[in-house]
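Hi,

Here is the structure I promised to pass on to you. My notes follow below it.

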Amino acid sequence: MDIPPLAGKIAALSLGALPVSYALNHVSALSHPLGVVLMSALILGLLFVAIYSLSRGEIYYDPLYAVFAVFAFTSVVDLLIALQEDGYAVGFMEFYTKEVCARAALGPGALWAAAWGVLLLTAPAGAQRGRKKVVHVLEGESGSVVVQTAPGQVVSHRGGTIVLPCRYHYEAAAHGHDGVRLKWTKVVDPLAFADVFVALGPQHRAFGSYRGRAELQGDGPGDASLVLRNVTLQDYGRYECEVTNELEDDTGMVKLDLEGVVFPYHPRGGRYKLTFMEAQRACAEQDGILASAEQLHAAWRDGLDWCNAGWLRDGSVQYPVSQPREPCGGLGGAGSAGAGGGASGGVRNYGYRHNAEERYDAFCFTSNLPGRVFFLKPLRPVPFSGAARACAARGAAVAKVGQLFAAWKLQLLDRCTAGWLADGSARYPIVNPRARCGGRRPGVRSLGFPDATRRLFGVYCYRAPGAPDPAPGGWGWGWAGGGGWAGGARDPAAWTPLRV
């Protein structure tokens, strides 16, 4: 019968007590109790180093493993002491049985009980310092697979690379790793899952949008962690790691969160015009996704205050209020239901609504931008109909609302000049509030949806990474020739390059 690797190492370690005891018996310094104490401390340190080296990090996942290992060693020492006292062994622990016990009144196991106590304290402390966020799968005595998920979540951003941690451990002698089936799925609804990645031995397969982006980390036997590259907004959510061994299986959850910003949105048609499906499309058109309840609550804690209810990704309708007031759920009491509700504000919650009939605004979420948002101010202002052409002349496109919010929050874009955005709205980002820039709080100011033929602004453009700038010297587009703007028609065909 094959001995499991770790069990074999423990057995070898415990048998090491024989030469250690024999060597100690011939050290004359051990005739004094102080010598015993000092030598015991040295042995304890060497023993812990040996256990850690043999386990190769197993102590991080199961601190009691170290206690079991030291018990295996000290059990052999206690056995030698007993055999020495009964006359069945000679030359091993004579210094202990004949002199030390008489002088120091130490029981046969007191010294090694102290070693066990120290390891009980040091092993969990080491585990806390070295703890990783993992799904740790352990095989019990019954052969069943048990999944345990570490608390917390992993955090990334759009375009980043993240590892969804998942580990399993069992004796490979009894079960080959090639027979283990690893499956990753994403929770899309409480009872609905989408396949992400499946591995059975050397056969690996990714599904859907995860093709070419997902692969196993493969950091040694027992590692089922999934590496996800070029993270997208749609990757946000909970993932299930399933490990199947023959007929036994179990699962653990890993939550992937994204760094980003939540922003309220409604289209040109006005407030409370969106069904749930229309809210999903509206967020996608503005470079975002519907925010989750957790993301909205986090935004409220960061100071988001918005007195219009909007859809969230779970089908509920909520809105955050940082400064309580009567038109926004009241000043407290019955009208302030929701997370953190009350006189100090909170997230007001309408609950789950009929997503095909009822209409509200939307709370969208977006993350890090791979490109750059910049403000383009031609020599003369441009109407909305000319915004796309002005940006195209700089190798860019008119920025979307989500892109402007991401540039404000994550790239600290600060500009006290309103400009057109892709949905026809006019907005500007303020990082450092000042008197003439819309109030005393940072944020993205909105001027609504001005008349595209009369209200003329600059434009916020977005240039994708790697896109060249056709006018690096600062050229834009406009009309040459001057003239008054009030009521004056302008023919786009007459546009010429102008210095900006």
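In which strand is Thr251 found? Thr251 sits in strand 12; helices (H or I, at least four residues) and strands (E, at least two) are DSSP runs, numbered from the N terminus. Thr251 and Cys241 are 10 residues apart in sequence, and their C-alpha atoms lie 5.5 Å apart in space.

A word on the source: this is a predicted model, where local features need pLDDT of at least 70, side-chain atom pairs count only at pLDDT 80 or more, and totals for chains, interfaces and linings use all residues. Residues are numbered from 1 along each chain as its sequence is written, and side-chain values use heavy atoms, with hydrogens and water left out.

The protein chain has a mean pLDDT (the predictor's confidence in each residue, from 0 to 100) of 77, and 68% of its residues reach 70 or more. Over residues 57-61 pLDDT stays under 50, and it also stays under 50 over residues 118-143. Where pLDDT is low, the predicted coordinates should not be read in detail.

Now to helix 9, residues 293-301: its buried residues are Gln295, Leu296, Ala299 and Trp300. Seen down the axis of helix 9, they fall within an arc of 140° (taken from the directions from the helix axis to the C-beta atoms), so they line one face of the helix. Strand 12 (248-258) and strand 16 (316-321) are among the elements that cover these buried residues. Just after helix 9, Gly303 has a positive phi of about 110°.

Best wishes

Note on methods: Contact = heavy atoms within 4.5 Å. Buried < 20%, exposed > 50% of the residue type's maximum accessible area, 1.4 Å probe, protein only.
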